[in-house]
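Reader: I would like to go through the reasoning behind some of the labels used for this entry, taking the strands one after another.

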Amino acid sequence: MRTKQAGLVLLFLLCSIFYTNAGFAQEVPVGFELVAQNEYLSLYLNKSTTEFAVQHNDSGELWLSNPINSRVDKDTIFIEYYNPSDELLRMNNYDDSIKLNQFQIEEIENGVRISYLLGREWWDDDYLPLMVPQDRFENEILPYIPERDQRWFLSMYELIQLEKVDPDYTRVKITNLPTKEEIFGDYTVVSPGRTLSASQKSTLTMLLVDTVVAARSDIPSRADLKFSEIEHLVERPAYVIKNTIRPWDRTDIIELMKTIGYTPDKIAEDHKACNIEPPVLNVEVFRITLEYMLDGNSFVVRVPMDKVEYPKDVVPNKRYLTGVSGNFRPTNRSEVFDHFGQIGGTLVTFPLYSINLLRHFAAAEQNAEGYIFVPDGSGALIPLGEGTNLQYSRNVYGTDHTIAHGLEQSAYVMPMDRVLSDPLYMPVFGIKENNKAMFAIIEDGHGMSRIRANTAGGNNLYNRVSSEFILMPYGDIILQETDRAERAKGRIKAFPDKLPDEDIVIRFAFFVGDDADYSGMARYYQQYLEMKYGMTLMDNEETDIPLIVELIGAIPKAASIMGIPRTIMEPLTTYEQAAEIIERLLAANISNIKLRYTGWTNGGLEPGYPNKVKIANALGGTKGFKELTEYLAENDVDFYPGMSFLMIYPNKYGRFKLNRDVAHSLANEPVIVYKDYFSGGYFSSLHQLDGLITKFANDYIKYEIAGLALDDLGKILASDYNKRREHIPRADAQRIIENQLAKLQNQYQLELLIDSPNIYAIPYATHVVNVPLTSNQTVIFRESVPFYQMVLHGYVNYSGVPLNTCPDFRRAFLKSIETGAIPYFSWMYSDGTAIKETWFDHLFPNYYETWFDEAVRAYQEANQVLRQVQGQRIIKHEQISPDLYITSYENEVSIIVNYNKEAVEYQGRVVQGEGYLVIKGGEINEAK
């Protein structure tokens with residue numbers, strides 16, 4: 001009994017050592033060595049597999065690069081690439097590098113650098129010596145063969161030499177070699193130390209001839225063999241592999257060469273000495289380097305792009321052409337041209353389409369509690385263990401229209417059939433497992449990134465989330481009739497001519513305990529953005545919240561004038577009518593109005609080329625526009641006329657050249673983009689953007705307007721592959737757009753209202769509109785979360801889509817209350833008849849008279865609640881029960897929103913159906 005008690009005490013002590021506030025510390029797996037450490041984290045590496053583990057020092061929690069018990073989830077790099085036949089192929093660094101021992105590890109500051117070569121550098125056939133000089137065979141190979149295998153190994157080769165013969169020497173007749181006299185001249189084949197019969201001499205002669213012919217691409221047939229090609233055998237005999245060996249003998253020879261370290265480099269020396277082609281390095285290989293570093297309380301992974309290499313303009317291995325790995329003899333050169341002649345010769349390229357990094361990092365087991373966080377729309381949670389191998393994959397910042405041009409996803413779809421969806425506005429993701437969480441920020445390369453996730457199920461035992469990077473996207477080129485076009489069904493893929501210049505950098509943060517949820521992730525990202533961009537909080541005094549009103553000026557409309565079809569400008573809200581609507585709002589005691597005015601220039605909602613201000617005569621002309629600006633200034637109404645700089649339209653209000661002013665696809669075609677519900681326009685060339693915006697801004701500031709609304713700058717991100725100019729990949733496009741936003745804000749001192757901004761545009765915005773308040777709500781998600789709002793609240797005013805366009809007004813209003821979004825309405829002065837049978841009939845709900853009173857009431861109700869949290873950070877958001885949510889702010893104000901039709905009780909308080917409850921410092925402040 002005492003022994004048993006002592007064992008229990010020992011067990012308790014051991015548990016006490018590893019127990020922390022967060023739970024039980026995890027042991028570092030066997031084989032992992034400490035390679036970097038700071039006060040927050042420790043980094044361990046298994047140097048034989050290059051798997052790693054990051055440990056949180058205070059809690060002892062571990063996050064593993066790969067599930068420790070998995071036999072298949074062993075890679076940290078997964079690539080997709082295309083071969084010259086446009087076939088998609090895949091490799092990963094475990095099967096195609098680590099298992100082949102094709103990697104190097106070196107220490108760097110605060111971490112390690114690992115360089116991988118993916119793809120067999122040498123194939124097994126390259127370890128097979130075809131001809132070896134006698135001295136090298138007997139001195140550098142045979143002594144190292146295990147004694148038990150030496151006799152067998154010798155039996156696999158024939159020793160051959162050429163010996164001079166007398167003029168009256170009678171040659172052995174060889175039916176299959178009628179030109180033997182021309183080939184051998186005064187020499188014959190012998191085997192030193194042996195007396196050959198006629199049959200044996202014939203066999204050795206044919207062995208020599210066939211081996212040389214097969215191993216020389218410049219000797220098409222036996223009849224083309226010259227004595228000069230085998231003359232070296234006079235002075236230096238060689239061992240020649242028999243052509244009758246069995247496949248398993250061939251395999252055993254290869255394994256022996258690997259065992260004794262007789263590499264293809266040495267075999268290449270043998271083949272060169274014997275005047276046959278040496279084995280050559282495989283060209284279908286990729287070099288990728290990963291750097292792992294600790295940086296304060298985060299773990300940083302970097303892929304230096306200057307250390308990424310792919311096969312570009314290389315001479316293809318002939319083995320690749322034949323696809324017969326079991327045939328160790330090279331094929332004839334003619335097969336190269338037969339296979340690749342249709343694309344311009346023998347040089348080929350294997351474009352590196354994508355890299356998926358750390359697919360299994362922090363993977364959660366199937367039965368774990370928690371969720372995967374993805375930035376879909378406002379943010380979404382994918383529950384662990386509830387779905388069966390559900391897949392998720394979406395591009396950060398939405399579609400690259402230049403890449404999509406000509407592909408299926410760029411095709412126009414009629415509005416009633418279109419499923420609109422919000423893109424991913426933030427380059428982040430995370431996973432929560434039980435009492436811990438991992439959160440990732442894509443620091444560099446986010447313009448070419450894609451978030452991928454999947455839940456456990458079937459053969460997949462783990463829940464995962466990771467980032468993939470599209471390095472070399474493709475476009476389709478339609479071909480005329482050629483051999484390649486026939487195989488490719490009339491199309492071939494066009495790729496960029498080089499990799500992007502931008503490195504890939506991902507920063508990982510780790511949370512335990514109460515911080516291990518999406519609220520903790522949002523706080524971390526918020527602090528990160530503060531440090532990166534210098535973002536500061538707005539004035540947090542309780543003032544009236546803004547009301548953002550969008551007024552639509554004019555639209556292009558087809559008309560018949562004297563029987564001639566024309567396009568005219570149909571006014572929906574003139575300058576004078578805009579002032580009338582604002583006057584009514586001011587009379588309703590709404591003072592903090594932000595007016596966004598779209599379609600105010602020539603062309604309306606399809607404006608002319610934006611190289612200067614072009615006031616629409618149909619709306620009141622220059623005089624009417626100036627009167628409007630003066631009226632708004634006198635009444636302290638902030639004015640944000642809307643402009644589109646990326647979408648340009650071919651009309652009479654501004655001429656532009658397709659080859660100069662429009663972005664081009666990889667097929668070198670001008671890029672057309674279909675806006676939601678609108679007809680198509682062209683995507684502006686990023687080469688022209690700086691000059692375009694400079695010309696417009698210099699003209700615009702003459703009107704002394706303090707604000708500008710950006711309809712697409714900061715919202716759309718696309719590349720430009722005009723072959724007449726330097727290519728601009730998406731990563732470079734992002735930098736160009738950021739520079740233009742900074743110029744408008746700093747050089748021209750404009751306050752910017754930005755539509756649907758990606759995160760890189762937020763630091764330049766005063767107000768943002770049309771941000772998602774929910775996710776896209778696919779079946780894979782358990783719930784939407786206001787991650788976007790949790791990160792931005794207090795730093796910038798934001799609103800969702802116009803409330804008057806929402807199918808359920810009350811629910812949309814409650815969502816604004818829950819997420820801290822200010823009210824936003826989109827109106828026109830004209831009724832619906834003005835837009836009938838136009839591309840803009842979706843504006844039917846925008847007739848302002850229908851919504852005016854409701855808008856005033858909704859604003860006043862929202863203002864009573866949200867003015868209490870102006871300039872305050874959201875510190876917590878959670879779902880209390882189905883359709884019941886609570887949002888907590890830094891100033892101890894909490895708002896509970898109930899989407900249920902029935903009242904709900906929470907901690908002794910009643911929240912009315914389809915209502916909310918405001919609690920400040922524990923006291924009920926207001927209920928609806």
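Reader: Which residue in β48 does Val897 stand opposite?

Author: In this predicted model, Val897 stands opposite Tyr916 in β48.

Reader: What makes β45 and β48 a pair of strands?

Author: The definition asks for at least two bridges between two strands, and six bridges join β45 (residues 893-898) to β48, the two running antiparallel, so the label of a pair applies.

Reader: Why is β48 called mostly covered?

Author: A residue counts as buried under 20% relative accessible area, and in β48, which spans residues 915-920, five of the six residues are buried.

Reader: How do you know which faces of β44 are covered?

Author: In a regular strand the side chains alternate between the two faces of the sheet. On one side of β44 lie Leu884, Ile886 and Ser888, and on the other Tyr885, Thr887 and Tyr889, and all of these are buried, which means that each is under 20% relative accessible area and that both faces are covered.

Reader: Which residues in the turns of the two hairpins have a positive phi?

Author: Between β43 and β44 there are two residues, and Asp883 in that turn has a positive phi of about 65°; between β44 and β45 there are three residues, and Glu892 in that turn has a positive phi of about 70°.

Conventions
Residues numbered from 1 in each chain as written. Predicted model: local features only at pLDDT ≥ 70, side-chain atom pairs only at ≥ 80, totals over all residues. Heavy atoms only, no water. Buried < 20%, exposed > 50% of the residue type's maximum accessible area, 1.4 Å probe, protein only. Helix = DSSP H or I, 4+ residues; strand = E, 2+ residues; numbered from the N terminus.
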